[in-house]
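Work through the exercises below with the model open. Each task is followed by a stepwise solution.

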Amino acid sequence: MPAADTRHADSAPGDLRRSISNTLKGSAGNLVEWYDVYVYSVFATYFEAKFFSADDRNATLYVWAIFAMTFLMRPIGAWYFGRFADRHGRRLALTVSVTLMAVCSLLIAVTPTAASIGIAAPLLLLLARLLQGFATGGEYGASATYMSEAAIPGRRGFLSSFHYVTLVGGHVLAQATLLLMLHWLEPAQISDWGWRVAFGLGGIAAVVVFWLRRSMDESLDAGAIEAVRTGKAGKTGSLRELFVHQWRPLLLCFLITAGGTLAFYTYSVIGPKMVQAQFAGGDVFTGTVINLVALAVLMLLQPLGGWLSDIVGRKTLLVFFGIGGVLYTRFLVLHLPQQAGWLQAFGVLTLGFVILTGYTSINAVVKAELFPTHVRALGVGLGYALANSAFGGTAPLLYQASLRSDHVETFVLYATAVIAVSLLVYVFFLENKGRNWLDDADVMDVR
């Protein structure tokens, strides 16, 4: 992966302004879409009794099983929207995906409880979340591709880092929504109807996003779209092309993602749940504040990581994450639940987020640099979605199961091993400086 690219240091100010404008518009859409993703995990403990019997000791497992099952749809969404984005443009694919996310959030917000319609309630919840998983699978690949392509050369790490600024920002917004509700409402009121408001807000916000995404510049060359329209681009967005001729970068994308996505869900989803559970006995508000501030720090760290990658190279940051993840995951999982003081809990969680930034801040551009334009959205989306489904989405469910069976050490060994595999990939199969498909397509094509 390239370090600072002095070949492109003289980009015109107008190009930089347009790049920033497109980055901000793309980021706004990501923010709302990822809010819709994370509002489920943030409010899960408040609405689980509405879809499953409060007397069922497995209710929490069922809620997280639905969370995990939605990840099974991500590869399908990555294929559909990735092909769509490579053939018809990134902007249109992103607009369709956010619309689907919004409709599903509104469906969850108005779904009757199990007490009213029985088993149909959890089935509707599952249906809505499966469709959201389908949309999210398409969102990641198209969004990571768009924001990497829209960024100017030499600034790609910094500008594309806003992909995860808004991804984490969606989680921050979900936590902030809960915090405001805890300030104004009783927990019983949140469980009764407050969680519906949280889902509804995500659906309504998508109206603004729909308008913003329609006004974005298209990052895919108009000639490429015209070639598809006239039937002259049969390889564009093709699974056969991806698996036959681009299988090496696809495999690399999968392995780069595996450890990163498992760490991301362990640190940023399981970690805040540990804090929430620790303070739930008497101070739910403090636990929510800790999570909100720590996630805000993670969000603000992303541009710093992206900026550093433009200077020292992408590989350097990924190796930092890999080593840190191998050494720190055990400590975070086993010791974070034992922190009774707010400062200690915040410190343990935030240090994990510093390590995680080595992956999150640059993972979009690292993957986009692996693929040629005609299969970039498909390759990035599918490689990410397959690893995300196998290792990321299952992490909260596996942790809950290990907690229930008193085998947390097993989960720790599993998470550490997967991160270690990705670390080996970062060390031995990535370059810190070199040509890539985003900045040097002509040279790469000759190769």
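**Exercise 1.** Which residue forms a salt bridge with Glu149, and how far apart are the closest N and O atoms?

The model is predicted: local features need pLDDT of at least 70, side-chain atom pairs count only at pLDDT 80 or more, and totals for chains, interfaces and linings use all residues. Residues are numbered from 1 along each chain as its sequence is written, and side-chain values use heavy atoms, without hydrogens and water.

Step 1. A salt bridge puts a side-chain nitrogen of Lys or Arg within 4 Å of a carboxyl oxygen of Asp or Glu.
Step 2. The partner is Arg376, with the closest N and O atoms 2.8 Å apart.
Step 3. Glu149 lies in helix H6 and Arg376 in helix H17, 227 residues apart. Helices are DSSP runs (H or I, at least four residues), numbered from the N terminus.
Step 4. Arg376 is buried at 3%.
Step 5. Asp86, Arg90, Glu149 and Arg376 are linked in a salt-bridge network.

**Exercise 2.** Find the salt-bridge partners of Arg314.

Step 1. Asp310 meets Arg314 at 3.0 Å, N to O.
Step 2. Glu369 meets Arg314 at 3.2 Å, N to O. Arg314 is in helix H14; Glu369 is in the loop between H16 and H17, 55 residues apart.
Step 3. Arg314 is buried at 2%, and Glu369 is buried at 2%.

**Exercise 3.** Where does helix H15 bend?

Step 1. H15 bends by about 25° at Val354.

Terms used:
The bend at a residue is the angle between axes fitted to the seven residues ending there and the seven starting there. Helices (H or I, at least four residues) and strands (E, at least two) are DSSP runs, numbered from the N terminus. Buried means under 20% relative accessible area, exposed over 50%, partly exposed in between (1.4 Å probe, protein chains only).
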